[in-house]
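Hello,

Here is the structure we talked about handing over. My notes on it follow below.

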Amino acid sequence: MATQLEPDIHADEDAFRTEVQQFLAANFPDELKNKGNALAGVDGPTDETPAQKAWREAVGERGWGTPTWPKQYGGGGLTKAQAKIIDQEFAKAGAYNPIGGMGVMMFGPTLLEYGSEEQKMEHIPPICRGEIRWCQGYSEPNAGSDLANLQTFAEDKGDHYIVNGQKTWTSGGQWADKCFAIVRTDKSDKHRGISFMLIDMDAPGVEVRPITMISGTSPFCETFFDNVKVPKENLVGEEGQGWTIGKRLLQHERTNISGGGRLASMMGQSLGDIAKKYGETDAAGELADKVLRDKIADFEIRWNSFLLTARRAVEESKAQGGVSEISSVLKKLGTKLSQERSELLIEIRGLQGLGWEGEEFTDGELEAVRGWLFGKATTIYGGSTEIQNNIIAKRVLGMLDHQ
Amino acid sequence: MAVLNEEQEMLRDMARDWATNESPVTEFRKVRANGEPHAYNKDAYATMAEMGWAGVIIPEDHGGSDFGFLSAGLVVEELGKTLTASPLIATTIAASAIVLGGSDEQKAKWLPKLASGETVATLAVDESAHHDPSAIEASVSGGKLTGKKAFVHEAHGADLFVVAAKDGLYLVEKGDGVSLTTRKLTDQRSHADVNFDGAAADKLEGGGDSLLDDVLDRARVLTAAEMLGMAQQVFDTTLDYLKQRVQFNQVLATFQALQHRMADLFADLAQMRSAVEAGLQAVDGGFGVARAATIAKAEANRVLHTISNQGIQLHGGIGMTDEYDVGFYLKRARVLESAWGSSSYLKDRYAKLASY
């Protein structure tokens, strides 16, 4: 392990790039090349190979998995430009960022904004080192799109709360160490009766049951709280501030679902190229099925204009120093187009593209089927498309201003 | 909106002020009422040229400002918002052909006049009601061009035609051997079938084999910029209308069915703007132009088609009246959707460029 260097934010970019390259050469094991980050997802347990563990620890020690987070909490303390260099160099080396999951994507940024000093010191460093997996306790059986209707109740017992109720769609709940949850502390006020608190998943009274989805996987759980004791220091912000904090966190979630770069690289292979492998071509080398060809081109043109829109949202936000109003359309567009792509892939492959299991199907074919099914969730969770439309109409278009 | 530099912002603001104050849709109504075949106000075009708008893509040593296509698109978008009738786009497209393919002599002869507004020019490619640059029959023999061009934009005001013949692009001045048959289209602008019968033709020798495609891509992005202005205007006008109109004792904007439709149109419009601006920027950057221009025009076609229809539907009965402007956008929209590539043409082109 190389000596830990104090990153100099004034160092010029070339020097930093060299530093990242040297770090990769010294620490990134070949056997992990072009593999994904198993721990960042919600669909797998936490078993790590020794190589994965060593790589996670190497990145975590420098805080480079959360490069722009403050150094005093274990982040990299780097500039955005330096973070971009890390992204670029990791990508070039075929290296994944081993620090991920909901702690990085959603909870961490929210806690940095709303948490107390003690809470940040306690919870942020383990996230930066990839040691703790977080899950989200938001939805309930009767609080989906109408999230503020949640009923899980935290009763004030002086120095602690006693929590009773049920959460659902808890992503990765069966593998999580801790849960950030919004719960009711006051039954008399729908929105201001909600508080944001942190619950240990191994606390007595917490029970987790995985839900099998139409895709055959169980990335979500039902989580039951039966007289679970939560110390008061686990309350984030003030009592009753939970709705505000919880909504802020959802903004981070949507940014991640609409996904700029990751989604783009996932969609890398041209559907036209795939279709040429599965179908006939004519003398000109074009797809013989002209109707399908038209559908693919129609999709790819719209997919491109979506990617251009995602890029424009970033550029505008940077130039304005605030969130661009077109950011509001990225979630609904990105998820809809991803679903369309999955459907087209099935049309291209025919029944060969609907395999459930078996060696007659390639891994890619089987994964596409599961992805197609699981992808139906993307327009429902994180604020359904209908909720996105409400938000656009109200906040961007001002359609309720004259009520 | 793309992130602009200071000079681009000034240009856009100037165009916006002028279009709003000097060239609102009432000016287009006057042009229509006058019924002149060239279908634009020549004084207004002279003013536009004086402001430098005809020379935005023309090099400085030929009398232009060389600001580029994104800048030209900003002006065109503002003019599209108010349906300003002018040969600005046609002349700019023609000028781009001379910039790309002209000799020093041709450039020196024509570009300053195009930039100053003294000469109006247009591009004549298609020979039927559909855009098809692969089906050109016009030919040149001994410096004389013979052939028929269909539905040529701004033909009546044009002093100079950039004409696609089998073996390349030619400059043909109006006069002997050039005759027009007016084709009155629903947008009430200037369109004509142009018959070239042994007209003197001066070939654009530069630009290589891809000259026609390169010029057409410039035509696509500029046309898409006009369409973007139109789509934005219909969207804004419709949204304002929904916020004012009361039915069932309720402002229409408070109905969720209409909110969600507007949210969809807002997302469509965002995609259209991204695609169009990227197309203009690709021309300026000189990279990936064919693909970017195809995406730009295809998205412009798709979104303006939807928005122009929804503009009528959401206005209800008043949208069906000639007194109301929204119908003008619908009629102009379909003409421009057809120009330089319909949606089906462009999808085919996209697939060809991607080798499937």
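Helices α8(A) and α10(A) are roughly parallel to each other, because their angle of about 20° falls under 35 degrees. Please keep in mind throughout that this is a predicted model.

The two helices belong to chain A, where α8 covers residues 271-278 and α10 covers residues 330-349. Their axes are 9 Å apart, and the crossing in which α8(A) passes α10(A) is right-handed.

Which residues make the contact between α8(A) and α10(A)? From α8(A) come Leu271(A), Ile274(A), Ala275(A) and Tyr278(A). On the side of α10(A), they meet Arg341(A), Leu344(A), Leu345(A), Ile348(A) and Arg349(A). By class, the residues of this contact are seven nonpolar and two charged, with no polar ones.

Is Gln8(B) buried or exposed? Its relative accessible area is 10%, and Gln8(B) is therefore buried, the cut-off being under 20%. Leaving aside residues up to four places away in sequence, Gln8(B) touches Leu70(B), Ser71(B) and Leu74(B).

As for domains, chain A is divided as follows:

- domain 1 of chain A: 13-100
- domain 2 of chain A: 134-238
- domain 3 of chain A: 259-396

Between the C-alpha centres of domain 1 and domain 3 of chain A, the distance is 28 Å.

Regards

Conventions:
Residues numbered from 1 in each chain as written. Chains lettered and ligands numbered in written order. Predicted model: local features only at pLDDT ≥ 70, side-chain atom pairs only at ≥ 80, totals over all residues. Heavy atoms only, no water. Axes fitted to C-alpha atoms, helices over the stretch in contact; angles between N-to-C directions. Helix = DSSP H or I, 4+ residues; strand = E, 2+ residues; numbered from the N terminus. Parallel < 35°, antiparallel > 145°, perpendicular 65-115°, else oblique. Left-handed = near helix turned anticlockwise from the far one by under 90°. Contact = heavy atoms within 4.5 Å. Nonpolar A, V, L, I, M, F, W, Y, C, P; charged D, E, K, R; others polar. Buried < 20%, exposed > 50% of the residue type's maximum accessible area, 1.4 Å probe, protein only. Domains from an automatic or database assignment.
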